[in-house]
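Work through the exercises below with the sequence and the 3D structure at hand. Each task is followed by a solution in steps.

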Amino acid sequence: MGDKNAIHAEIEVINAGGEPRDIALPNQILPQHLYLIPIASRPFFPGQVQPIVLSGEYWKETIQKIGETDQKLVGLVYTSNIPAQDTAPEDFSQIGCVGKVLKPTMQESNIHFICQGLQRFRIKRWLGRKVPFLVEVEYPAEEDQKISMDNTEIRAYALSIISAVKELVQSNPLHGEELKQALQYFSPSEPAPLTDFAATLTTASGEELQKVLETLPVLERMQCVFPLLQKEVEVTKLHGEISKEVNTKISKRQRKFFLREQLTTIQKELGITKDDRKYDAEEFEKRLEKLNPPEPVAERIDDELKKLSYLEKGSQEYAVTRNYLDWMSSVPWGVFSKDKLGIKKARQILDRDHDSLDDVKERIIEFLAVGAYKKEIAGSIMLLVGPPGVGKTSIGRSVAEAMGREFYRFSLGGMRDEAEIKGHRRTYIGAMPGKFVQALKEVKTANPVIMLDEIDKIGASFRGDPASALLEVLDPEQNSDFLDHYLDLRVDLSKVLFICTANQLDTIPGPLLDRMEVIRLSGYITEEKMTITKNHLWPKSLKKAGIKKAQLKISDAALRLLIEGYAREAGVRKTEKHLMKIVRKSVVKFLEDPKLSISVTVKNIEDFLGKPFFKKESLISGVGVVTGLAWTALGGVTLAVEATAVPKENAGFKQTGQLGDVMRESSEIAYSYLLSNAARYGVKEDFFQKHFIHLHVPEGATPKDGPSAGITMASALLSLGLGLQMKRGLAMTGELTLTGIVLPVGGIKEKVIASKRNNINELILPEANRGDFETLPDHIREGLQVHFASTYDQVAKVLLSASKDKSIKK
């Protein structure tokens, strides 16, 4: 009731010819000091009336100070999207709008009030630089309306603005009826308020509107506002056209819907209705016209189509049958892609996509050559075995491209359900065919290249053994009649080329491994990695980031440091990751300075990658220390074996270093052999009886196992017994028997590469592995001195020849 009485009192004052107590007039006397409130979104204009909401916690004191003044006026200043509570004096624009605060109220910790814009002001001096902000102001003089209207150009602009505003108000539904009525009170004889009013109608940015507020000459202000208004009109017209187009499309869809309903009714009346079952059947028959299914398949499809014709559309059986026919008609029965049998082209593709790996590429070319000679490449199964990052998957893609076949890849890692291979039976809800039928559907040919990735990581569970299910698929004698449980029909996979990948052979079941042709991919030496990085990885990294070669360069020396200091591995996956790290850091610098060009060198590579992870290793040497070579799933590595003797009355032997059962047996064989043959090699007969021997393989946190450290452990014990330091830069591998025979071991290429990586140039290998070494590429064998031994006597002779010319006693 109090508010209503106040309003009635104001009306009575106005009717009596007086002035209202709360409504401000622009020409009234304005104060020289004002409290400021920042406006973040867009500036406030004279003549504008708008509600304002402020945080009570932050601005309560300011509103109270304003309320204590006689005129209740506030300075509203634009601060360019800076939150009000974070505003500093430097953020305020120089020109703002003085406004009358009307009816301030407190609601839910916020202050609400209506503000009426009165006039522009300019900040002269800051009197209070913290909340509440207090400034001394001056009020720029407005142009005389009569003088302004004598200017023909101003009058023309005023008429144009009124016309544009009317068009905008009429076409934009966001502007209400009250705004349309307010427009009637503006005329060309009042250009200044008209221009300010027009500016408030636009959706221009805060900076553009602040420029209008700061423009004091009326003509210049109109020249600023009119383009903004025209742009707003164009956007509104475009919005209307888009809305009209959308409404037209909706109307067309509704019209089509009603016509379809009428057509269905007419067809029913005439008895020519085609229901969904007929449409489904025709779709499946249309697909089958392009295929050449075997007779059993064609008969099964005909039976299922007949069944589909009398099943109720809403029944569960209908959905099962329809899905079955969908799969049956999607398998490319009798559709084969034409093989490309050109050996020259295949060699070009392999050389283009892969550097090094000459022995692997030669094996693949031999395989393709047989197909070219026979004029047909029948299905085959290849197994690519090697450490991660050596290019197994990419070789599969290159083979598919060289043959002109479609390529499909899926991973067997962690697969534990044999239904993934052979499909689910149709009795289950959500049943699907196996991966091989899915592959044929996707590639749309019956002779693709299918890659089975990570075959060494396949699992088994209560759902079955997928590895056993693969026996049928990967057997050339059986896969021509592969039975998928979902289709319940024989599918010919004999034309498919299967390429499997694995990191190791130990976890692959024997019967499955027996069906595959094994091709080994060993790790790369530094020179090979350099070539791969320059030809493939570096251009690929630049392309991913959209960087030109001239913008970012890396020197050969920096590349070598990256490979040896940051990415010492058998493959090149870590090398690629570190290259991408360099590229990402460079892109940040390019954004800061677009004209910058960067060259990565040995001096600044740490700025991109930090300190090197690997430092140049010095091989462990000393009495009882010998370097061995070992094979792991990640490639070859060097392995130091240490032995020490503790004087004790009771002899004994102990091993540490987290050794596996096989490696423990190798150490015990080496100990027994040296114990029984100590005198032959010049070791005192009572040395082993009076000492407790401790054998250790460093890096105890890493599990180690395998038979190839036999001669290495025996050599460490021999060095300990003679008290001699063995030759530096010498490494060895080989299995030892109790009779001193040196047996062959695997992974020769990986071990030789590991020795070159660690600058070891002299090796002792089993005589039986001579063929494995001689088949290695020349660039790997270059610079190596290799001794082949069939007995441990020959190993000891090489060791002692460099240790004070000690000879073996016979």
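Predicted model: local features only at pLDDT ≥ 70, side-chain atom pairs only at ≥ 80, totals over all residues.

Residues are numbered from 1 along each chain as its sequence is written, and side-chain values use heavy atoms, with hydrogens and water left out.

**Exercise 1. The whole chain**

Task: State how many helices and strands the protein chain has, and what share of its residues count as buried.

Solution. 
- Step 1. Helices (H or I, at least four residues) and strands (E, at least two) are DSSP runs, numbered from the N terminus. The protein chain has 28 helices and 24 strands.
- Step 2. Buried means under 20% relative accessible area, exposed means over 50%, and partly exposed lies in between (1.4 Å probe, protein chains only). Of the 810 residues, 45% count as buried.
- Step 3. Contact means heavy atoms within 4.5 Å. Among contacts in the protein chain between residues at least 6 apart in sequence, 74% join residues at least 24 apart.
- Step 4. Accessible areas come from the Shrake-Rupley method with a 1.4 Å probe; for residues, only the protein chains shown count as cover. The protein chain exposes about 42600 Å², of which carbon and sulfur atoms supply 51%.

**Exercise 2. Backbone exceptions**

Task: Which residues does a cis peptide bond join, and what is the phi of Lys72?

Solution. 
- Step 1. Most residues other than glycine have a negative phi, and most peptide bonds are trans.
- Step 2. Val131 and Pro132 are joined by a cis peptide bond, with omega about 0°. Pro132 sits in the loop between β5 (110-128) and β6.
- Step 3. Lys72 is not a glycine, yet has a positive phi of about 55°. Its place is the loop between α2 (56-68) and β3 (73-78), and Lys72 counts as partly exposed because its relative accessibility is 29%.
- Step 4. Ser109, also a residue other than glycine, has a positive phi near 65°. Ser109 lies in the loop between β4 (95-107) and β5 and is exposed, with a relative accessible area of 53%.

**Exercise 3. Salt bridges**

Task: Give the count of salt bridges and describe the one between Asp196 and Arg120.

Solution. 
- Step 1. A salt bridge is a side-chain nitrogen of Lys or Arg within 4 Å of a carboxyl oxygen of Asp or Glu. By this rule there are 31 salt bridges.
- Step 2. In the salt bridge of Asp196 with Arg120, the closest N and O atoms are 2.8 Å apart. This pair links distant parts of the chain, 76 residues apart: Asp196 is in helix α6 (residues 191-201) and Arg120 in strand β5.
- Step 3. Asp196 is buried, at 3% relative accessible area, and Arg120 is buried too, at 1%.

**Exercise 4. A charged patch**

Task: Which residues gather in a patch of negative charge on the surface, and which helix gives the most to it?

Solution. 
- Step 1. Patches are made of residues with over 30% relative accessible area and no salt bridge; like charges are joined within 9 Å, and nonpolar side chains (Val, Leu, Ile, Met, Phe, Trp, Tyr) within 5 Å. Lys and Arg count as positive and Asp and Glu as negative, with His and the chain ends not counted. The place of a charge is taken as NZ of Lys, CZ of Arg, CG of Asp or CD of Glu.
- Step 2. The negative patch is formed by Glu285, Glu289, Glu295, Glu299, Asp302 and Asp303.
- Step 3. Helix α10 (residues 295-310) gives the most to this patch, with four residues. Glu295 is found in helix α10 and is exposed, at 58% relative accessible area.
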